[in-house]
Amino acid sequence: EQLILNATYSLDASLAAFSRDYSGDTRHVDDTASETWTRLQFESKSDLGAGLDLRVKGFAVLSTQEDERHGVFSEPRFRKERPRGFDLTELKLRAARDSHDLYLGKMLLTVGVSNIFSPANRFNNVDLSNPLHPLEMGVWAGRANFFIGDDTLSLAVVPWQDRVARPADSSRWLGPSSSSSSGTSLFNLGNWNYNAEERYAKSDLRNAGYLMHYSGSRAGFDFFGVSHLGASKYAVLRKEVSGVNITYSKETPQAFSLGGGISATSGAWSYYGEAMHQATVGNRDEDFLKYVVGVSYRDTTIAELLGFEEIMPIIEQANEKTFGSQDSSRYAQNSRAVRLGRDTIFFRLSLKKSDKLSYSIYSTRNFVAETASNSADRSSAVGLGSEYKINDSLKFRADLRIFYGESNTQFGRWARNDHIEIGMTYSF
């Protein structure tokens with residue numbers, strides 16, 4: 001009963017209008033000129049007594065995109081092709097004690113200090129069935145948080161892998177057929193023109209994920225450190241030879257990751273950076289170090305001269321360094337195509353006109369294609385947005401998004417997906 005009485009809800013509804021279709025493409029594409037997407041999200045908490053509470057967060061999604069979702073509730077070890085139309089983001093039982101908290105269930109394991117792109121925050125599932133509306137999903141785990149002064153040490157065990165949701169085969173977000181060699185790399189599919197089955201790690205203690213996260217704050221700065229042993233986030237393509245027959249499979253190999261980050265503030269300025277190194281077991285992938293550095297500035301003086309209350313630019317630069325190579329005798333492709341943030345600039349400018357009206361300009365610029373070393377194969381996404389808040393419960397928004405690049409690049413494959421989107425959010 002408490003879950004019902006304590007529940008809060010929010011309704012997001014949007015309409016996207018696209019400027020181009022996929023006429024002439026060799027595959028069937030749902031390229032209708034417009035599509036709607038609606039999500040009802042709910043969140044609640046129930047006090048069970050004796051320091052126990054149950055927390056739940058979920059959603060129902062209705063979309064006109066063809067074959068986007070099927071069924072309700074994703075069970076543990078979810079392997080179905082399509083994500084659910086009704087599902088839980090979190091369902092966790094907490095036992096609160098003076099020196100520690102214990103959690104069991106489906107939960108978000110979020111780390112990092114970056115504002116836009118975080119190489120360290122990679123332990124949750126992300127539903128990318130509609131890239132305009134990605135949904136961060138929790139994972140089934142057990143977690144203990146230990147409080148050490150103002151710091152927190154978290155230990156978590158994730159016993160199995162769930163399938164990562166991606167667009168349907170008919171979705172315009174897979175790009176044109178001409179980009180199929182890399183067209184699904186953004187969604188971690190490893191579709192390299194091979195007929196590859198998906199393989200998952202066995203659900204046992206040896207193949208479980210083990211996460212340790214330490215975070216803290218000091219005067220003027222925050223910091224964290226993280227280590228992880230378990231399945232990599234990034235897929236590779238394995239090959240098996242039997243006589244004249246070669247079979248391929250996509251797998252996420254066991255890997256050890258170690259990283260950390262720090263953010264500092266000085267007046268209106270904020271500086272931050274984070275990095276994550278990954279080394280796979282048995283050379284199943286190349287080892288690499290991913291990192292990002294960023295800066296933001298909150299200004300009112302220049303803003304007033306321009307007719308705004310406040311402006312806030314954010315710029316981040318992400319890149320990676322590789323070490324060693326993959327075992328080519330057992331693997332046909334490494335994970336480079338699915339590792340985003342390789343020589344990439346992220347930019348966002350927020351402009352607050354008033355408490356009710358705000359604008360934003362945002363862009364992402366890749367200086368190297370996922371599947372090529374040719375630095376000329378660049379791609380970018382640019383957006384303009386506005387938001388008008390009627391009150392604390394109701395707001396409207398509008399966005400224009402444009403994509404550039406060759407068809408073998410992350411954003412170039414979306415060149416036919418330029419669109420205008422309008423939407424509203426109602427909280428109750």
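Visitor: Why is Phe-86 called partly exposed?
Guide: Phe-86 has 28% relative accessibility, and partly exposed is the range between buried (under 20% relative accessible area) and exposed (over 50%), with a 1.4 Å probe and protein chains only; Phe-86 therefore counts as partly exposed. The model is predicted, so local features need pLDDT of at least 70 and side-chain atom pairs pLDDT 80 or more, while totals for chains, interfaces and linings use all residues. Residues are numbered from 1 along each chain as its sequence is written, and side-chain values use heavy atoms, without hydrogens and water.

Visitor: What makes the rings of Phe-308 and Tyr-359 an edge-to-face pair?
Guide: Rings of Phe, Tyr and Trp (its six-membered ring) pair if their centres lie within 6.5 Å, with planes under 30 degrees apart stacked, over 60 edge-to-face and the rest tilted. Here the centres are 6.4 Å apart and the planes stand at 85°, so the pair is edge-to-face.

Visitor: Which parts of the chain does this pair link?
Guide: Phe-308 lies in the loop between helix H2 (301-305) and strand E18 (310-323), and Tyr-359 in strand E21 (residues 357-366), 51 residues apart; helices (H or I, at least four residues) and strands (E, at least two) are DSSP runs, numbered from the N terminus.

Visitor: Why does Phe-308 count as buried?
Guide: Its relative accessibility is 18%, so Phe-308 counts as buried.

Visitor: How many aromatic pairs are there by the ring rule?
Guide: The count is 17 aromatic pairs. In one of them, Phe-42 and Phe-86 have ring centres 5.9 Å apart and planes at 20°, so they are stacked.
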